[in-house]
Amino acid sequence: MNELLTCEQMAQADAWAMAHGVAGPTLMAHAGQAVVDAIRARWSPRPVVVLCGPGNNGGDGYVVARGLSEVGWTVRVASVSPISGLRGDAAHHAALWRTSAAGHEPETLHPGLLDGTALVVDALFGAGLSRPLDAVLSELMAEVAVRGIPVVAVDVPSGVRGDTGESWGAAQAQLTVTFFRKKSAHLLMPGRALCGEVLVADIGIAPQALSAVVAQAWENVPALWSAL
């Protein structure tokens with residue numbers, strides 16, 4: 001599991017899994033549940049804010065919100081866009097969140113969200129982010145850092161470029177949960193430091209997906225060279 005994938009290669013692996021019988025909503029459900037399991041293994045129940053973006057990373061966030069609320073956590077969701085603006089798998093899971101027992105329309109993003117919050121789930125933007133965070137998001141993530149609230153990042157901390165590790169205003173995460181394989185940003189500074197602990201979760205993509213991806217980089221671990 002030491003292959004490193006680019007953002008494009010990760011998308012190819014997702015596509016391979018869906019072409020071989022794993023539905024997109026199922027992959028997203030597995031991803032969000034992996035984040036829920038990682039959070040519960042490290043923190044006791046506490047007030048949490050889940051920050052959701054406009055794409056699949058945000059869809060993962062809605063799965064996290066529903067999963068935590070179902071086991072008794074106090075959850076608030078805030079989003080870059082209304083649920084009506086989502087499409088595909090993200091729209092599917094956002095609708096499941098909205099109709100759940102604790103579900104509500106997502107709030108707008110503002111620093112006041114952090115009042116009384118003991119944990120932030122950053123599901124704003126994944127590794128494929130291609131532009132700096134806007135002023136509102138930059139202010140919010142800076143306030144998270146000032147208050148010292150622990151952050152769990154989905155895929156990468158928002159603002160970290162997945163292929164380079166460059167930061168465009170990302171907040172420090174205590175834990176980053178990524179899926180299938182690591183990306184370069186999990187190893188290259190400053191992304192490596194901003195990710196905190198990195199957990200690679202199995203979401204149902206078979207290892208055979210790598211045959212379609214053709215990885216060209218690997219994390220340096222003894223398994224690569226010890227036999228030599």
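**Entry 1: α2 against α4.** I'm working from a predicted model, and I started with a pair of helices. The axes of α2 and helix α4 (residues 88-98) come within 9 Å of each other, crossing at roughly 60°. An angle between 35 and 65 degrees counts as oblique, so I noted α2 as oblique to α4. The crossing of these two is right-handed. On the α2 side I found Gly 24, Pro 25, Met 28 and Ala 29, which meet Asp 89, Ala 90, His 92 and His 93 of α4. Sorted by class, the residues of this contact are four nonpolar, three polar and one charged.

**Entry 2: α2 against α3.** Next I looked at helix α3 (residues 56-70), whose axis comes within 8 Å of that of α2, with a crossing of roughly 50°. That makes this pair oblique as well, and the crossing of α2 and α3 is right-handed. From α2 the contact takes in residues including Met 28, Ala 29, Val 35, Val 36, Ile 39 and Arg 40, while α3 brings, among them, Asn 56, Gly 59, Val 63, Val 64 and Leu 68. I wrote down nine nonpolar, five polar and two charged residues for the contact of α2 with α3.

**Entry 3: α3 against α4.** How far apart are the axes of α3 and α4, and at what angle do they pack? I got 8 Å and about 25°. Angles under 35 degrees count as roughly parallel, so α3 and α4 are roughly parallel to each other. The crossing of α3 and α4 is left-handed. Tyr 62, Val 63 and Arg 66 are among the α3 residues in this contact, and Leu 96 and Trp 97 are among those of α4. The classes here are seven nonpolar, four polar and one charged.

Entry 4: A reminder to myself: nonpolar side chains in soluble globular proteins tend to be buried together. Here the largest nonpolar core has 44 residues, and Ile 39, Val 75 and Ile 205 have the most contacts inside it. Helix α2 (residues 24-42) gives the largest share of this core, seven residues. I also found a second, separate core of 21 residues, with Ala 78, Leu 124, Leu 140 and Val 151 among its members. Back to Ile 39: neighbours within four places in sequence aside, its contacts are Val 64, Leu 68, Trp 73, Leu 119, Val 121 and Val 152.

**Entry 5: Thr 176.** Is Thr 176 buried or exposed? Its relative accessibility is 0%, so it counts as buried. Thr 176 sits in strand β6 (residues 175-179). Not counting residues up to four places away in sequence, Thr 176 touches Asp 155, His 186, Cys 195 and Glu 197, among others. His 186 is ten residues from Thr 176 in sequence, with 8.9 Å between their C-alpha atoms.

Entry 6: Most residues other than glycine have a negative phi, and most peptide bonds are trans. Asp 155, though not a glycine, has a positive phi of about 80°. I placed Asp 155 in the loop between β5 (151-154) and β6, and at 11% relative accessibility it counts as buried. Phe 180 also has a positive phi, near 75°. Phe 180 lies in the loop between β6 and β7 and is buried, with a relative accessible area of 4%. I found Pro 190 in the loop between β7 (182-183) and α6 (191-195).

Note on methods:
Residues are numbered from 1 along each chain as its sequence is written. This is a predicted model: local features need pLDDT of at least 70, side-chain atom pairs count only at pLDDT 80 or more; totals for chains, interfaces and linings use all residues. Side-chain values use heavy atoms; hydrogens and water are left out. A nonpolar core is a set of buried Ala, Val, Leu, Ile, Met, Phe, Trp, Tyr and Cys residues joined through side-chain atoms within 4.5 Å. Buried means under 20% relative accessible area, exposed over 50%, partly exposed in between (1.4 Å probe, protein chains only). Helices (H or I, at least four residues) and strands (E, at least two) are DSSP runs, numbered from the N terminus. Contact means heavy atoms within 4.5 Å. Axes are lines fitted to C-alpha atoms, for helices over the stretch in contact, and angles run from 0 to 180 degrees between N-to-C directions. Angles under 35 degrees count as roughly parallel, over 145 as roughly antiparallel, 65 to 115 as roughly perpendicular and the rest as oblique. A crossing is left-handed if the near helix is turned anticlockwise from the far one by less than a right angle, and right-handed if clockwise. Ala, Val, Leu, Ile, Met, Phe, Trp, Tyr, Cys and Pro count as nonpolar, Asp, Glu, Lys and Arg as charged, and the others, Gly among them, as polar.
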